[in-house]
Amino acid sequence: MDTQQFLNSFLKQIKRNIVALISLTVAVTSLSYSTWRNEATEHNRNLRQAGFEILIKLNELQLVIFHNRYDHALLDRGNPRIGWAHVLTIKDLTQLLKEPFPTKSAALLKVWNENWETMSQQQHSVDTILLQIEDVRAETLSMISALK
């Protein structure tokens, strides 16, 4: 069989099976898009869940601070060791996210480390920690609202 005959035979087979070839192309394209979309959706879902967990831990840390500073009768709820657990959990969760989250959580850890011992006596310590919490909270809310 020469090249011309092969080409004619090939073109005839394509014409006979054009619907099947188009269907196969559409099926493969649809499957590829669907798989990509599912991966993107799962990634966004994971980021959103991490963001909500960070917000919960930030609020729990804020409660520890308020109990420690203002509710001296509830020392168990204002225990700085509980605050340490929250700060470290926030730090761990933010490591799963892109910048600026790891940097912001490191700053929160630093501020907490520098101020946790004096927060029951000095309003400045409380204000410094709360300011850093608000910074992380604002970034987290921004990230969650930007996800689609």
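Modeller: A crossing of two helices is left-handed if the near helix is turned anticlockwise from the far one by less than a right angle, and right-handed if clockwise. Helices here are DSSP runs (H or I, at least four residues), numbered from the N terminus. The crossing of helix 2 and helix 3 is left-handed.

Colleague: What kind of model is this, and how are its residues numbered?

Modeller: This is a predicted model, in which local features need pLDDT of at least 70, side-chain atom pairs count only at pLDDT 80 or more, and totals for chains, interfaces and linings use all residues. Residues are numbered from 1 along each chain as its sequence is written, and side-chain values use heavy atoms, with hydrogens and water left out.

Colleague: Where is confidence lowest, and where is it highest?

Modeller: The predictor's confidence in each residue is pLDDT, from 0 to 100. Where pLDDT is low, the predicted coordinates should not be read in detail. The protein averages 91, and 97% of the residues score at least 70. Confidence is lowest in helix 1 (residues 3-16), with a mean of 88, and highest in helix 4 (residues 101-115), at 96.

Colleague: At what angle do helix 2 and helix 3 pack?

Modeller: Axes are lines fitted to C-alpha atoms, for helices over the stretch in contact, and angles run from 0 to 180 degrees between N-to-C directions. Angles under 35 degrees count as roughly parallel, over 145 as roughly antiparallel, 65 to 115 as roughly perpendicular and the rest as oblique. Helix 2 (residues 18-70) and helix 3 (residues 80-94) pack at about 160 degrees, their axes 9 Å apart, which means that helix 2 is roughly antiparallel to helix 3.

Colleague: Is isoleucine 54 buried or exposed?

Modeller: Buried means under 20% relative accessible area, exposed over 50%, and partly exposed in between (1.4 Å probe, protein chains only). Isoleucine 54 is buried, at 0%. Leaving aside neighbours within four places in sequence, its contacts include Leu97, Val136 and Thr140. Asparagine 68, also in helix 2, counts as buried at 10% relative accessibility; with the corresponding neighbours set aside, it contacts Gly78, Pro80, Met119 and Ser120.

Colleague: How do helix 4 and helix 5 cross?

Modeller: The axes of helix 4 and helix 5 (residues 123-146) come within 9 Å and cross at roughly 165 degrees, so the two helices are roughly antiparallel. Their crossing is left-handed.

Conventions
Contact means heavy atoms within 4.5 Å.
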